[in-house]
Amino acid sequence: MAPRISWEGVFPAVTTQFHDDLSLDIDATAKVMDNLIRDGVSGLIVCGSVGENTSLERREKIAIMETAKSVAAGRVPVLCGIAEFTTAFAVETAKEAARIGIDGIMVMPALVYSSKPHETAQHFRTVATATDLPVMLYNNPPIYKNDVTPDILVSLADVETVVCFKDSSGDTRRFIDTRNMVGDRFVLFAGLDDVIVESVAMGAVGWVSGMSNAFPREGETLFRLAKAGRFKEAMPLYEWFMPLLHLDARPDLVQCIKLCEHIMGRGTALTRPPRLALLPHEAAEVQAMMAKALANRPKLPDVGLKVAA
């Protein structure tokens, strides 16, 4: 029987926080998680691309999962990204997630190796059949070079634990192609910030968001407006947000998002090598974007967002 899930809304790809010596700052990471939940997001993704998964040791990933489980305390679903070099390593991480009690896993294609379509499908199948956790498959061809096409996704329709598909290709037509091929078999999530309204219009019911780390209320409000078809109200917010949302599509998206998060007082801008700090002119450009955005920060329409006092 397929796992039952209720994943919808904005799931920020939570940043991982580090001390000045670049060791894991688990307390600061916990604070980031709690603040996002208190600001009304619908779920959390830990150890994703923005969480610098590939720069973390296994023990650190386990510590982050355990912390997320404790911090969320059932308030929102928590998924853990699985980005490993081999299928066997991915299975091991999935088993750790199940042991800890994480609500689901977001599985990326095997990294480094540019796999053929049937190899990508087999990687996903092996990981998904090794766990009872609900699985979100993650497609991000601009970054990871392996493209999870609708054909590959459809070939996995018989795997009951595969329940969700996150697409960061930027090609929103794929949501329609997938539905035309397998109906509502998969829950569809948008994974690229600067096509979120279009993705929702095409059937996405959730958004794994980068920039919602810095602006969680704006992100959740934008998503809910789009989901409700309130596009007249959504468009001014989308237009205000768009310069920042474009940052999510850059190769240095993690540095950009963490700098924005730091400006908002929600975390530090530190990233682990090979990710280095933005060059001075790049940082100045992001800072200027943020200054303009904050000077014109819009009043948010009411979408029933519940935030902590």
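**Exercise 1. Find out whether glutamate 57 is buried, partly exposed or exposed, and name its salt-bridge partner.**

Step 1. Glutamate 57 is partly exposed, as its relative accessible area is 42% (buried means under 20%, exposed over 50%, partly exposed in between, with a 1.4 Å probe and protein chains only).

Step 2. Its partner is arginine 59, with the closest N and O atoms 2.9 Å apart (a salt bridge is a side-chain nitrogen of Lys or Arg within 4 Å of a carboxyl oxygen of Asp or Glu).

Step 3. Arginine 59 is exposed, with a relative accessible area of 57%.

A word on the ground rules: this is a predicted model, where local features need pLDDT of at least 70, side-chain atom pairs count only at pLDDT 80 or more, and totals for chains, interfaces and linings use all residues. Residues are numbered from 1 along each chain as its sequence is written, and side-chain values use heavy atoms, with hydrogens and water left out.

**Exercise 2. Work out which parts of the chain are linked by the salt bridge of arginine 272 and glutamate 60.**

Step 1. The two side chains meet at 2.7 Å, N to O.

Step 2. Arginine 272 sits in the loop between α11 and α12, while glutamate 60 belongs to helix α2 (residues 58-72), so look 212 residues apart for the two ends of this link between distant parts of the chain (helices, H or I with at least four residues, and strands, E with at least two, are DSSP runs numbered from the N terminus).

Step 3. Both ends are buried: arginine 272 has 12% relative accessibility and glutamate 60 has 4%.

**Exercise 3. Trace the salt-bridge network that includes Asp39.**

Step 1. Start with arginine 266 and aspartate 39, whose side chains meet at 2.9 Å, N to O. This pair also links distant parts of the chain, 227 residues apart: arginine 266 is in the loop between α11 (253-263) and α12 (280-295), and aspartate 39 is in the loop between α1 (26-38) and β2 (44-46).

Step 2. Arginine 266 is buried at 18% relative accessible area, and aspartate 39 is buried at 10%.

Step 3. The whole structure has 17 salt bridges.

**Exercise 4. Locate the residues that UniProt annotates as "active site".**

Step 1. The unreviewed UniProt entry gives Tyr138 and Lys166. UniProt positions are in the numbering used here, feature names are shortened, and annotations may be inferred rather than shown by experiment.

Step 2. The two span 29 residues in sequence, yet no two of their C-alpha atoms are more than 4.9 Å apart, so they gather at one spot.

Step 3. Tyrosine 138 is in strand β5 (residues 135-139), and lysine 166 is in strand β6 (residues 162-167). Tyrosine 138 is buried at 4% relative accessibility, and lysine 166 is buried at 4%.

Step 4. Leaving aside neighbours within four places in sequence, lysine 166 is in contact with residues including Tyr138, Phe189 and Val208 (contact means heavy atoms within 4.5 Å).
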